[in-house]
Amino acid sequence: MAPEPPLLSMSGITKSFPGVRALDGVDLDVQAGEVHCLLGQNGAGKSTLIKVLAGAHQPDTGTIRWRGEEAALRSPIAAMRLGIATIYQELDLVEHLSVAENVHLGHEPTAAGFVVRGKAARAATAALLKRLGHPEIDPARLVGELSAAQQQIVSMARALSHDVRLIVMDEPSAALDPDEVDNLFRIVGDLTAGGVAVVYISHRLEEIRRIGDRVTVLKDGRAVAVGLPAKSTPTREVVALMTGRNVEYVFPERPVSAPGGSPVLEVKGLARQGEFEHLDLEVHPGEIVGLAGLVGSGRSEILETVYGARRPSSGQVVVDGKVLKPGSVRAAVRAGIGLAPEERKAQALLMLESVTRNVSVSSMSRFSRGGWIDRGAELGAARTATRELSLRPDNPSVPIRTLSGGNQQKAVLARWLLRGCRVLLLDEPTRGVDVGARAELYAVVRRLADEGLAVLLVSSEVPEVLGLADRVLVLREGRVVHTAPARELDEHRVLDLVMEGSPAS
C-alpha cells in the first residue's frame, strides 16, 4: 500500500524582489497532525515563505502540492479555500470592529442563503472562544479594547472559523505570559490530535523542543536543514545552522562589585489606580534592574509612568535628585530618561523614514538653525551613534523598515545615546529578535551600563531578566512581592513568586 503523501509539499520554491533573492530553492513538507517548526534568523526567508504559502506572494519557480495534487495558491482566498490559515505576528485585526465581526470578516455565517448577523454570529464566535479556552472574551466587544494576548486568541478563532487543515502561526507566543503559552500549546495539541497541521515559527528555541515534531531551518533564503527531529536535535546544532556559527547562550559578565554612588533614578511611592501600587525603587549608575512578572502585573505600565506617558495617581519620579513633573514625557526626556517600548514599530519607529531620522528625532534642536535642518550634521551624528552600536548595514540613509528587528532595536537605543540619556527604560528589548542578534543586544546593554547608564528592564522571558539584570524586583498583581540580586534567584523561584497564591517575601 502506497504511503500517504504529505498534506503540504513545497519543492524548489524561489522568490526574488528587486536586488534580493529572498527564497532560493526551498523545500518544505508538512504532515497532517504534526507541528512543523520553521526557524531562521531575521532575513532568512521565513516571512516570504509563509506569504507564498498564504497566497500573498507568488513564487517565481517551484511546485506546491496539497494532499498530493499540484496546487496554485494565487491569492489568500485560494489558500483559505484549501484549508490553509495564517496568523501573522503583526495581527491583521480591525480594531473598530467587534470580536465576532473580526472572526467572520469576509465569510459571514449564512442560513438559507442569507447572512446571519447579531446573536447567531456572536454565538458562533462564543463557541470558538470557548474551544480556545477563553470564554470570558465578549464577542460583542471591540477588538481595539482587548489586550495583545486576547487579540492573539481572536486571530486564532478567525482561523478556526474556516474548515482549516493547516495553520501557520508566526511568533504566536510573543505577547503571552507563561499561563497563556500553556493554553496556546493545549490548543495546538487539540488541533494536531484532530489531524490539523501547524507550521510554528518562533525565536524561542525552548518552545520548539517542547511543542515541535520536526524542524526546518532557513538561512539566507535556503533550507539548510529539512525535517530535523525537534526534540532530539541539540540546541547548539540548531543555532549553528541558523547563524552559520556556534552561539553560546551566555549573558555578559556582571560587574564583581555593586554600583556605588547616589541613585540616578528614584521612584517613590509611585502608583496608578488599577495597574500598580506604591512602588519604591532605585537604579544606580552602571546598574541594570529587572522587573519580572506576568502580563498584567503592571510591568509595562510602570515604565510608561516613569517615562511620563501615563500620569500616576500618587508618588514621584526623581532623576539626579530632581522631582519630575508627573505625566510629562517632555520633562522625563529633558531629565535624561529614554524609553525603548514593547511595540517598537508602532510606538518608537517612523517606519517610512530613514535610520538617520529615527535616530535624530529626539535631538532635532541640535541640528535646526532658523527653521532649517543641517542634514549633514544630522547624518554625521546618526552615523556616529549607530556605529557605536555596530548597527548593520553601516548606512544610516537606508529606510528603517529594511532593517532586521535587532538592528531596528539598536536604532532606538542609538536615539537615546545621541540624546545623552542617563536612564534607559527597556520594555521587551529582544521581542522579535533572532538568537544571534539577541547576544549582540545583551552585550550592548551591558556595555552601556558599564559606561554609567542606569537601566530599568522589563521582559516576559524570566531567563532574560535573570541573565541580564543585576537586581530583580518580582511583581504580582501590581505589587512588588520580592526583591533580590539576580544571582540569588532562578526561573522556578521567580515563577513561584509571580503566580497567584504564592507566598510573598
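Start with helix H13, residues 375-388. Helices here are DSSP runs of H or I with at least four residues, strands are E runs of at least two, and both are numbered from the N terminus. Select Glu-378, Ala-381, Ala-382, Ala-385 and Thr-386: they are buried in H13. Buried means under 20% relative accessible area, exposed means over 50%, and partly exposed lies in between (1.4 Å probe, protein chains only). The arc is taken from the directions that run from the helix axis to the C-beta atoms.

A word on the model: it is predicted, so local features need pLDDT of at least 70 and side-chain atom pairs count only at pLDDT 80 or more, while totals for chains, interfaces and linings use all residues. Residues are numbered from 1 along each chain as its sequence is written, and side-chain values use heavy atoms, with hydrogens and water left out.

Stay on H13. Turn to the face away from the buried side: exposed Gly-376 and Thr-384 are there. Now show what covers the buried residues, including helix H12 (355-360), strand E20 (372-373) and helix H14 (405-419). Go to the N-terminal end, where Asp-374 is the cap. One of its side-chain oxygens lies 3.3 Å from the backbone nitrogen of Gly-376. After H13 comes Ser-390, with a positive phi near 55 degrees.

Next, select helix H4, residues 119-131. H4 has 13 residues and reaches 18 Å from first C-alpha to last, close to the 18 Å expected at 1.5 Å a residue. That expected span is 1.5 Å times one less than the number of residues. Which residues of H4 are buried? Colour Ala-121, Thr-125, Leu-128 and Leu-129. They lie on the same side of H4, because their arc around the axis is only 100 degrees. Lys-119 and Lys-130 are exposed on the other side. The buried residues pack against helix H3 (99-103) and helix H5 (148-160); contact means heavy atoms within 4.5 Å. Just after H4, find Gly-133, which takes a positive phi of about 80 degrees.

Move to the open sheet. Its four strands run in the order E14-E13-E16-E17, with antiparallel pairing. Two strands pair if DSSP finds at least two bridges between them. At the edges are E14 (276-283) and E17 (322-323), each pairing on one side only. Then zoom in on E13 (265-272), which joins E14 over five bridges. Leu-265 stands opposite Val-283 in E14.

Now pick strand E6, residues 84-87. Both faces are covered: Ile-84 and Thr-86 are buried on one side, Ala-85 and Ile-87 on the other. E6 runs parallel to E9 (166-170), joined by four bridges. Ile-84 stands opposite Leu-166 in E9.

Last stop: Arg-214, in strand E11 (214-219). Is Arg-214 buried or exposed? It counts as buried, because its relative accessibility is 19%. Its side chain makes polar contacts with the side chains of Asp-29 (2.9 Å) and Glu-34 (2.8 Å). A polar contact is a pair of N or O atoms within 3.5 Å; within protein, one must be able to donate a hydrogen and the other to accept it, and residues adjacent in sequence count only if both atoms are side-chain atoms.
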